[in-house]
Number of protein chains: 2
Amino acid sequence: MRTVIIGGVAAGMSAATRLRRLDEERRITVFERGAYVSFANCGLPYHVGGVIPERSSLLLQTPASLVSRFALDVQVQHEVVDIDAEARTVTVRDLVTDTERVEGYDELVLATGAVAEPGPSSAGVPTHTLRSVEDVDRVIAVLEEAGPSPRVLVVGAGFIGLEAVENLLARGARVVLASRGAQVLSPLDREMAAPVTAALRAAGVDIRLGVTVIGAEDGSVRLSDGTTVDADLVVEASGVHPDRRLADAAGVRVGSTGGIVVDRHHRTSTPHIWAVGDGVEKQQHGDGAPVLVTMAGLANRHGRAAADDIAGARPHVAVPALGTAILGLLGLTVALLGRNERELLAAGVRPRVVHTHPASHATYYPGAQPMAMKLLVDPATDQILGAQIVGGAGVDKRIDVLAVAMTARMPASALSQLELAYAPQYGSAKDPVNLLGYVAENVATATTRTLQWHELASALERGATLVDVRSEQEHETASIPGAVNIPLDDLRVRHDEIPDGPVVVHCQVGQRGHTAARLLAQLGHDVQNLDGGYRTWAAGTAA
Amino acid sequence: MRTVIIGGVAAGMSAATRLRRLDEERRITVFERGAYVSFANCGLPYHVGGVIPERSSLLLQTPASLVSRFALDVQVQHEVVDIDAEARTVTVRDLVTDTERVEGYDELVLATGAVAEPGPSSAGVPTHTLRSVEDVDRVIAVLEEAGPSPRVLVVGAGFIGLEAVENLLARGARVVLASRGAQVLSPLDREMAAPVTAALRAAGVDIRLGVTVIGAEDGSVRLSDGTTVDADLVVEASGVHPDRRLADAAGVRVGSTGGIVVDRHHRTSTPHIWAVGDGVEKQQHGDGAPVLVTMAGLANRHGRAAADDIAGARPHVAVPALGTAILGLLGLTVALLGRNERELLAAGVRPRVVHTHPASHATYYPGAQPMAMKLLVDPATDQILGAQIVGGAGVDKRIDVLAVAMTARMPASALSQLELAYAPQYGSAKDPVNLLGYVAENVATATTRTLQWHELASALERGATLVDVRSEQEHETASIPGAVNIPLDDLRVRHDEIPDGPVVVHCQVGQRGHTAARLLAQLGHDVQNLDGGYRTWAAGTAA
């Protein structure tokens, strides 16, 4: 038996090593186009920034170590250029000798990954992606050539683009960030992306939104808004799409997303061919729609599962993808999963939305950091549809807790009952995730009616009275135009100052507003609480 | 309608404020024996240590703030001394005027909490618990009186005792730690407690195990082993038990644990009386046995749920308790949930056990910290029965992930499929929790047979060959007596050096051992992998 695996990084190498552990006899060949296998692709930007100082740290395995430990036949700088699925052969080009040969397989694993979106040519300025060890070498060479304060244009404001920005800043670069989108980090909703934009600006990044690169010459890049950016280097991070060339060659079915279609055992439409990793379409949690999720964790897991299936071990059925993702940026942690509000509305789902601003741990213990959380819930089923968190410490923990709850299809209101670990340096007796559950339940049961930040303007136009229940000092520091200030602790005695008709109350983060809304509702007012309070409104309406 | 709540800290105050938010009209009275309500009881030790420098930070609410915001009638220094459940009255003693009066209720909430185990008197040395703001004041007064390097005996090596130790050390105290148990932190299994013992010793703590205090005179405490400890202060942290006096007075049913018995709506056996918090028996996750879990999170949650029930809101049914707990100690984080191996064996369950030693995040990114994990699984159902984690960064995250998985009754093998957030500064593409799932599944499917650290000696006695598959250098640094060293990368060619008969392989943490076990099993050997490798064995056999 011979298994051929095309692609030697996350998915491919997980498949290869698992297959060996299950089957000592099998011949296992890995063809990798690049010069390196099993490298730390998620660490590449951090070597540019010097956070990972040793280039060798990026190389997790070498072909030699894989031979001695796993008896794998690893052939780097070997590109598979064709597949004959009938004959079960691959045509391989040795990129060093530039010769081709044909080799047979019993099973074939496509771990061919994704390729960068081909942005418009910016010939005239060195332009590189950050997807391979070789890319990193080239980027560092350009930066060193350019001297102490290089000018860099980063194209693309997604995860990879922003990781590039952080690391370029760490090297002393002056950075312009260009994105065709209307905001940075488009997987986030607008009000959740606002702190990211603010952090980038505070770090001196020049952000250009709604633009594309249309050309470059003599060290100057032309953007679609007519401006130019002088740059020593362009880092291209506009996005990736599945590399479907070999799938097409093999006649393997490709889906509407451009990714290879596989069943729950990672088998393609063509017998004896499996596919795993970034090149493969996943099934979205919730509605089961096909999606692309280019995450190392899924790639590793699916590679391993394909090996189980090939070896005849107990099949590991793929579970729907949440798209859990996390980013460290300039001291912020940004994390998300599932779908955002824009995507849900586009799919015809009007989610129940909850914004909170809890502290990472008990505020009486030093060092607590604020975070902003957003939870999106299916109003029909109380299922969690998505979440976004931006803050510092503890963001990674809360997104993981939500990932497990979502995987288990736990209703949003059950989040309040989770028995999470509490000591004051780690959390709160009512953890931020518990609080999300409480608020979601209060909304679901109409214990409190909430209003979203983007609904406030029209509510005021329709004549609602806006009451700020924060302290006088908070109100004077910054307030929403048109709000009258009645501090919560005075509200019971002063509520008759509020005119008849609809009332919107707000506080700083939503919690005092909830108490105020409960009080006013019981006193006979028609009241809504501004979800997430002043902070969410301010983030959503920030320029 | 009048609701009387006895006890004004976590559970009682959560009930009171929620009840007000649900019902503006109701009269709500809180009687609190102490001088403070709603104080940060989990923060008390940290004020002793100066980590929380301001005493006022411990006071989350005052009676005045609760009046203005929630219109609560809060009476501190008022002790309820009797309950007449027939007449629906309580007898209250005003501790300041030392007068008693009788007041009526429509609903009564017992949030009477737990009281410290009465240790044997150590009159002759000032002895205090750390359960109230007044306790903290007294402890600090004694320490200040004693001068710059006070001598303190801490009695009890559980969570509170160890928090006291850390904070006393922070104040410059010389600390003796005495426990009647055979190890520190008895909720942990022996091998998991070893790093805690080591950290305490490294910090200069004199640990005395298997002893009790039998008396004290003239600044010297006598222990049951015949030794004496000179001390300026004894901190009593031997444990707590439910305060059942008022429950007994009211004729409320108390269970085998000594805690008040309630139904899933927190109703006691007596009409119109609810009970919440540390004084109440909980139902254990898994087998549903009655247990005592004295955690602030549960107290808050159950107080709120009781208020919902009293107000006729949608009833919140109590979920079984996991006993999730966490401790910060001298740079370590210790976390656990469910039952430990000793408890399971005592209950007749022989769990499947997995030990791992992952890093907090990708090791190629700077700052990764090691952790030791233990997972206990029901071999019949694959349900998670318990977990213990000791390490630094990221321990709190992983225990919370496991808490959600356990709550959702997710099988252990499904941990491998969790889509947790990954970037190299936060985790690994195969997160430590994913790895637990992979190992659990490999054991469940007999892909690898494992041997526990405490089973090794008898396996060797029965003639097994122990093979250390680590590098020569690792083997020479520290090894298990009797092990022969064949590094993993040589094993494929050198395996015929291993004699016939049973073989146990081990590496440092278990991962290379797994690869070695798979290889040797396929080559025809009868092989087991030492679970958790050298590290778990060394921890389990440490003195």
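Modeller: Let's begin with a term: contact means heavy atoms within 4.5 Å. Please keep in mind that this is a predicted model. By that cut-off, 86 residues of chain B are in contact with 85 residues of chain A.

Colleague: How do you know what area chain B and chain A bury between them?
Modeller: The size of an interface is often given as the accessible area lost when the parts come together. For chain B and chain A that comes to about 7500 Å², with 54% of it on carbon and sulfur atoms. On the chain B side, Arg301(B), Tyr364(B) and Glu419(B) lose the most area to chain A, and together they make up 11% of what that side buries.

Colleague: Why is the pair Lys397(B) and Asp396(A) called a salt bridge?
Modeller: The rule asks for a side-chain nitrogen of Lys or Arg within 4 Å of a carboxyl oxygen of Asp or Glu. In Lys397(B) and Asp396(A) the closest N and O atoms are 2.8 Å apart, so the pair meets the rule. Across the interface of chain B and chain A, the rule finds eight salt bridges. There are also 38 residue pairs in polar contact between the two chains, both residues being at pLDDT 80 or more.

Colleague: Which helix gives the largest share of the side of chain B that touches chain A?
Modeller: Helix α10 (residues 395-407) of chain B does, with nine residues. Sorted by kind, the residues of that side of chain B divide into 44 nonpolar, 23 polar and 19 charged.

Colleague: How do you know that the copies meet through the same surface?
Modeller: Of the interface residues of chain B, 99% are also interface residues in chain A, so the copies do meet through the same surface.

Colleague: What touches Gly210(B), beyond residues up to four places away in sequence?
Modeller: Gly210(B) touches Ser179(B), Arg180(B), Gly181(B) and Ser224(B). Gly210(B) is found in the loop between β12 (206-209) and β13 (213-217) of chain B. Asp225(B) is 15 residues from Gly210(B) in sequence, and their C-alpha atoms are 8.3 Å apart.

Conventions: Residues numbered from 1 in each chain as written. Chains lettered and ligands numbered in written order. Predicted model: local features only at pLDDT ≥ 70, side-chain atom pairs only at ≥ 80, totals over all residues. Heavy atoms only, no water. Buried area = accessible area lost by both parts, 1.4 Å probe. Polar contact = N/O pair within 3.5 Å; in protein donor to acceptor, adjacent residues only side chain to side chain. Helix = DSSP H or I, 4+ residues; strand = E, 2+ residues; numbered from the N terminus. Nonpolar A, V, L, I, M, F, W, Y, C, P; charged D, E, K, R; others polar.
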